[in-house]
Amino acid sequence: MGELVEMIAKALVDNPDEVEVNEVEGTQSVIIELKVAEDDMGKVIGKQGRIAKAIRTVVKAAAIKENKRVVVEIIQ
């Protein structure tokens, strides 16, 4: 899941070298923390959060196959 988020984020931002993805795994859920450069934050979130919502939707669809709950957090 983390690799999927990283690939999507790197395609969106101007500074792909500064994209960091951290996965925190629990028993039934996975938290994916996405960290990007401050200048690229708007590109990852999008207008009214549309891009962030789309990223979360794609990751949730991929997580259904593994029967896990995935939460994507965009942090600074």
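Okay, hi everyone. Before anything else, this is a predicted model, so local features need pLDDT of at least 70 and side-chain atom pairs count only at pLDDT 80 or more, while totals for chains, interfaces and linings use all residues. Residues are numbered from 1 along each chain as its sequence is written, and side-chain values use heavy atoms, with hydrogens and water left out.

Let's start with the overall fold. The protein has three helices and three strands. Here a helix is a DSSP run of H or I with at least four residues, a strand is a run of E with at least two, and both are numbered from the N terminus. If you walk along from the N terminus, the order is α-β-β-α-α-β.

What about size? Along its principal axes, the C-alpha trace spans about 35 × 20 × 15 Å.

How much of the protein is buried? Buried residues make up 26% of the 76 residues. Buried means under 20% relative accessible area, exposed means over 50%, and partly exposed is in between, using a 1.4 Å probe and protein chains only. The areas themselves come from the Shrake-Rupley method with a 1.4 Å probe, and for residues only the protein chains shown count as cover.

Now the salt bridges. How many are there in the whole structure? The search finds three. The rule is a side-chain nitrogen of Lys or Arg within 4 Å of a carboxyl oxygen of Asp or Glu.

Start with K10 and E6, whose side chains meet at 3.2 Å, N to O. Both sit in helix α1, four residues apart, and that is about one turn of the helix. K10 counts as partly exposed because its relative accessibility is 36%, and E6 is partly exposed too, at 27%.

Next up is K43 with D14, where the closest N and O atoms are 2.2 Å apart. This pair links distant parts of the chain: K43 is in helix α2 and D14 is in the loop between α1 and β1, 29 residues apart. K43 is partly exposed, with 34% relative accessibility, whereas D14 has 53% and so counts as exposed.

Then there's K68 with E25, the closest N and O atoms being 3.2 Å apart. Again, distant parts of the chain are linked: K68 lies in the loop between α3 and β3, E25 lies in strand β1, and they are 43 residues apart. Is E25 buried or exposed? At 56% relative accessibility, E25 counts as exposed, while K68, with 27%, is partly exposed.

On to charge at the surface. D17, E18, E20, E38 and D39 gather there in a patch of negative charge. A patch takes residues with over 30% relative accessible area and no salt bridge, joining like charges within 9 Å, or nonpolar side chains (Val, Leu, Ile, Met, Phe, Trp, Tyr) within 5 Å. Asp and Glu count as negative, Lys and Arg as positive, and His and the chain ends are not counted. The place of a charge is NZ of Lys, CZ of Arg, CG of Asp or CD of Glu.

Q48 isn't a glycine, yet its phi is positive, near 55°. Q48 is in the loop between α2 (41-45) and α3, and its 73% relative accessibility is why it counts as exposed. N67 also isn't a glycine and has a positive phi of about 55°. You'll find N67 in the loop between α3 and β3 (69-75), exposed at 71% relative accessibility.

Last stop, helix α3 (residues 50-64), where A61 has its place. A61 and I75 are 14 residues apart in sequence and 22 Å apart in space, C-alpha to C-alpha. R56 is in helix α3 as well. R56 and V71 are 15 residues apart in sequence, with 7.5 Å between their C-alpha atoms. R56 is partly exposed, with a relative accessible area of 34%, and A61 is partly exposed at 46%.

That's it from me, thanks!
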